[in-house]
Amino acid sequence: ARAAGHEMRADVAWLDLNDAAAVERFAQMAAAQPIDALIHNAATYRETPFGAITEADFAEMYRVEVVSPCLLTQALAPALRRSRLPIGGAVVFFSDIHALGRARPHFTPYLVAKAAVQSLAAQMAVELAPAVRVHCIAPGVIAWPDGFSEEAKPAILSRTPLARAGTPEEAAKLVRFLVLEASYLSGDTIRIDGGRSLR
């Protein structure tokens, strides 16, 4: 496919970020070729009621959301610095609008880890500069999660100025812009939530 005047090919990798050995093996394999962009969009989205939180819940969330993405980015940094894009390589992390000061009950380990993702993106923006730009996206509802209550949807949409959920295609367009066109952006967290953070 072509975008912004560039030929594009995306490789999608399924990787268990809770498995440190698997992350290391993948990094060794992927580092052989130049990398134009690394997109961290994996997550362990799980409700964990307060009062039932365990150390294992926090440990898993941090491994999946923070530790493995950090180590993977570090291992692939030389390949990202060899990017063929005119504006250099890019890394994109995904956080969550609820980790931007919109606390949500029953998701403490998940949202604390997602808040750390924003700090990780800022750190990586400094560590990888000037050759590689780093971005963080904080989505609202981008398609409804599986099993999401139909009864709960109207309340969320009533607090969303654009009055609808986003689409995966809209999130992908933002990623494409950040990778291919955002030549003077790095280290910021960008909301894509239809204005929901305003209400």
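At what angle do the axes of α2 and helix α3 cross, and within what distance do they come? Keep that in mind while we look at this predicted model.

The answer: roughly 20°, and within 9 Å. Here α3 is residues 108-127. Angles under 35 degrees count as roughly parallel, so α2 is roughly parallel to α3. The crossing is right-handed.

Who makes that contact? From α2: D57, F58, M61, Y62, E65, V66, P69, C70, T73 and R81. From α3: T108, P109, Y110, V112, A113, K114, A116, V117, L120, M124 and E127. By class, that gives 14 nonpolar, two polar and five charged residues.

Now the other partner, α1. Helix α1 covers residues 20-30, and helix α2 covers residues 55-81. Their axes come within 9 Å and cross at roughly 25°. That makes α1 roughly parallel to α2. The crossing of α1 past α2 is right-handed.

On the α1 side, V23, F26, A27 and A30 take part. They meet S68, L72, A75 and L76 of α2. The class count for α1 with α2: seven nonpolar, one polar, no charged residues.

Last, α1 by itself. Which of its residues are buried? A22, V23, F26, A27 and A30. They share a side of α1, because they cover an arc of only 135° around the axis. Helix α2 is among the things that cover these buried residues. Turn to the other side of α1, and A20, R25, Q28 and M29 are exposed.

To recap: α1 is roughly parallel to α2, and α2 is roughly parallel to α3.

Notes:
Residues numbered from 1 in each chain as written. Predicted model: local features only at pLDDT ≥ 70, side-chain atom pairs only at ≥ 80, totals over all residues. Heavy atoms only, no water. Axes fitted to C-alpha atoms, helices over the stretch in contact; angles between N-to-C directions. Helix = DSSP H or I, 4+ residues; strand = E, 2+ residues; numbered from the N terminus. Parallel < 35°, antiparallel > 145°, perpendicular 65-115°, else oblique. Left-handed = near helix turned anticlockwise from the far one by under 90°. Contact = heavy atoms within 4.5 Å. Nonpolar A, V, L, I, M, F, W, Y, C, P; charged D, E, K, R; others polar. Buried < 20%, exposed > 50% of the residue type's maximum accessible area, 1.4 Å probe, protein only. Arc of directions from axis to C-beta.
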